Amino acid sequence: MSNALVWELTKNFHHGLVKRRDNQITLSSERGNLMNLHNRQSTGYRAGAVDITSQGVGKGLTIAARNHKNRRHPAKVFTVSTAPAYRSSIKSARGVFARFGNNDQKLQRQAFTRVSRYAAASRYAARSAALQAKRAQKA
């Protein structure tokens, strides 16, 4: 099924649609939508969609890409790879983009920004946990 047809079928009603009446803005929260915008270019239902999520503090990232082979099995649509650290997660994200042929520069930039934000948050959480442990040890 083409991306245009999928967009026409899902643009008005789907589970991730979030409408804000106060600012007249429409957002989307489905898996594979890195920018959380409700438009045809950034929807998670298109071919080549990429999703980046955190596994927890200090546990790395999960990078998932939409797989074309399992279209009829929604639970298996995304191919998942995990990356334990910041540098390896950037390499893994580049590999996912190369493997699935997604050459959208704007989407790649957004993915790398999200990876760096997750890494910064993870480093901050690890530092604060170590500081709390150190304070508890002194007391």
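# Notebook: a look through the fold

**Entry 1: the whole chain.** I began with contacts: of those in the protein with a separation of 6 or more, 38% join residues 24 or more positions apart. Contact here means heavy atoms within 4.5 Å. I note that this is a predicted model, where local features need pLDDT of at least 70, side-chain atom pairs count only at pLDDT 80 or more, and totals for chains, interfaces and linings use all residues. Residues are numbered from 1 along each chain as its sequence is written, and side-chain values use heavy atoms, with hydrogens and water left out.

Next I looked up the elements. The protein has 3 helices and 5 strands. Read from the N terminus, their order is α-β-β-β-β-β-α-α. Helices (H or I, at least four residues) and strands (E, at least two) are DSSP runs, numbered from the N terminus.

Then I checked the surface. The protein exposes about 9,400 Å², and carbon and sulfur atoms supply 51% of that area. These areas come from the Shrake-Rupley method with a 1.4 Å probe; for residues, only the protein chains shown count as cover. Of the 139 residues, 34% are buried. Buried means under 20% relative accessible area, exposed means over 50%, and partly exposed lies in between (1.4 Å probe, protein chains only).

**Entry 2: helix α1.** I went to residues 3-10, which form α1. Its buried residues include V6, W7 and T10. Why do they sit on the same side of α1? They cover an arc of only 100° around the axis, so they share one side of the helix. The arc is that of the directions from the helix axis to the C-beta atoms. An α-helix has 3.6 residues a turn, so residues three or four places apart point the same way.

Entry 3: Strand β1 covers residues 17-20 and pairs with β2 in the antiparallel sense over 4 bridges. Two strands pair if DSSP finds at least two bridges between them. I looked up the partners across the strands. L17 stands opposite S28 in β2. K19 stands opposite T26 in β2. The two strands form a hairpin with 4 residues between them. In the turn, Q24 has a positive phi of about 55°.

**Entry 4: H38.** H38 belongs to the loop between β2 (25-28) and β3 (50-56). Is H38 buried or exposed? H38 is buried, because its relative accessible area is 19%. Its side chain reaches the backbone oxygen of K11 at 2.7 Å. I also listed its contacts, leaving aside neighbours within four places in sequence. Among them are W7, K11 and H14, along with L17, T26, L27 and S28. W7 is one of the buried residues of α1.

**Entry 5: L34.** L34 also lies in the loop between β2 and β3. L34 has a relative accessible area of 2%, so it is buried. What does L34 touch, not counting residues up to four places away in sequence? L34 touches V50, D51 and I52, and also L107, Q110, A111 and R114. The C-alpha atoms of L34 and D51 are 6.4 Å apart, though 17 residues separate them in sequence.

**Entry 6: helix α3.** Helix α3 (residues 105-138) has 34 residues. It reaches 49 Å from its first C-alpha to its last, close to the 50 Å expected at 1.5 Å a residue. The expected span is 1.5 Å times one less than the number of residues. I wrote down its buried residues: L107, Q108, A111, F112, R114, V115 and A119. I picked R114 from that list. R114 counts as buried because its relative accessibility is 19%. Leaving out residues up to four places away in sequence, R114 touches L34, N36 and I52.

**Entry 7: I90 in α2.** I90 sits in helix α2 (residues 86-99). Its relative accessible area is 11%, so I90 is buried. Which residues does I90 touch, not counting those up to four places away in sequence? I90 touches F112 and V115. Both of these are on my list of buried residues in α3. I90 and S116 are 26 residues apart along the chain, and their C-alpha atoms are separated by 8.3 Å.

**Entry 8: A65 in β4.** Last, I looked up A65, in strand β4 (residues 60-66). A65 is buried, because its relative accessible area is 1%. From A65 to A49 is 16 residues in sequence and 5.8 Å in space, C-alpha to C-alpha.

Notes. Polar contact = N/O pair within 3.5 Å; in protein donor to acceptor, adjacent residues only side chain to side chain.
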